[in-house]
Amino acid sequence: MRIFLTLASALSLSACGLSPMYAGGGSGEVAQGLAAVDVPPIAGKAGWLVRNALVDKLGAAGVASPRYRLDVRLDDSLEGLAVLADDTVSRERRTLRARYQLVDAATGDILLDATEGTDAGIDVVSSEYATIAAEQTALENLSVEIADRIVTRVALTLRDQ
């Protein structure tokens, strides 16, 4: 009975048309497409962090000649949220927004034009060093999260090409 259920579920899944995005591993179409994406430098510290995360994630399949270009513009903001009675801020929010375009390098066609954004809350404590360290850690974490989201959208776009 158990074998029958396993076979029935395998047949039903194969009939639905689903296929793994990264089929073929590093030599698959999507992985090779991701490896062929060039990321030009992005302005600012957040840009440096996001670009490094993107290069790490896109280049996982190996080096290929750039077929696509990923243009990214970032907006990094830090704002105070909670103000105490003595006019000091006790909580901050760091927001990182990215507008990006995936461009076919050969034709100049824009294949993807999208935005991503994320934010993080930061406690402001009496130690200025601790607060600055928390702000920097938040920026590093947001950069990785934005890069993850961008790579996912690019992979979906390349899969549909």
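Aspartate 87 sits in the hairpin of strands S2 and S3, where it takes a positive phi near 65 degrees. Five residues lie between the two strands of this hairpin. Keep in mind, as you look around, that this is a predicted model.

What happens on either side of that turn? Strand S2 and strand S3 pair in the antiparallel sense. One of the pairs you can look for is leucine 70 with its bridge partner in S3, leucine 102. S3 also runs antiparallel to strand S4, and there the bridge partner of tyrosine 100 is alanine 114. The hairpin of S3 and S4 has five residues between the strands too, and here glycine 108 takes a positive phi near 85 degrees.

The table sets the two pairings next to each other.

| Strands | Residues | Bridges |
|---|---|---|
| S2 and S3 | 68-83 and 89-104 | 15 bridges |
| S3 and S4 | S4: 110-123 | 13 bridges |

Now let's turn to helix H3, residues 44-58. Its 15 residues should span 21 Å at 1.5 Å a residue, and this agrees with its end C-alpha atoms, which are 21 Å apart. Which residues of H3 are buried? They are Ala46, Gly47, Leu49, Val50, Ala53, Leu54 and Leu58. Seen down the helix axis, these buried residues fall within an arc of 165 degrees, so they line one face of H3. The face turned away from that buried side carries the exposed residues Trp48 and Asp56. The buried residues of H3 pack against helix H2, strand S1, S2, S3 and helix H4.

Some of these residues meet again in the largest nonpolar core, which has 33 residues. Leu54, Leu70 and Val154 touch the most other members. H2, H3, S2, S3, S4 and H4 each supply at least two residues of this core, and H4 gives the most, with 10 residues. Leaving aside neighbours within four places in sequence, leucine 54 is in contact with several residues, including Val39, Leu70, Ala147 and Val151.

Finally, visit leucine 74 in strand S2. Is leucine 74 buried or partly exposed? Its relative accessibility is 24%, so leucine 74 counts as partly exposed, since buried means under 20%. Beyond its neighbours within four places in sequence, leucine 74 is in contact with Ile42, Ala46, Gly47, Val50, Leu96, Arg97 and Ala98.

Definitions and conventions: Residues numbered from 1 in each chain as written. Predicted model: local features only at pLDDT ≥ 70, side-chain atom pairs only at ≥ 80, totals over all residues. Heavy atoms only, no water. Pairing = 2+ DSSP bridges. Helix = DSSP H or I, 4+ residues; strand = E, 2+ residues; numbered from the N terminus. Expected span 1.5 Å × (residues − 1). Buried < 20%, exposed > 50% of the residue type's maximum accessible area, 1.4 Å probe, protein only. Arc of directions from axis to C-beta. Contact = heavy atoms within 4.5 Å. Core = buried A, V, L, I, M, F, W, Y, C linked by side-chain atoms within 4.5 Å.
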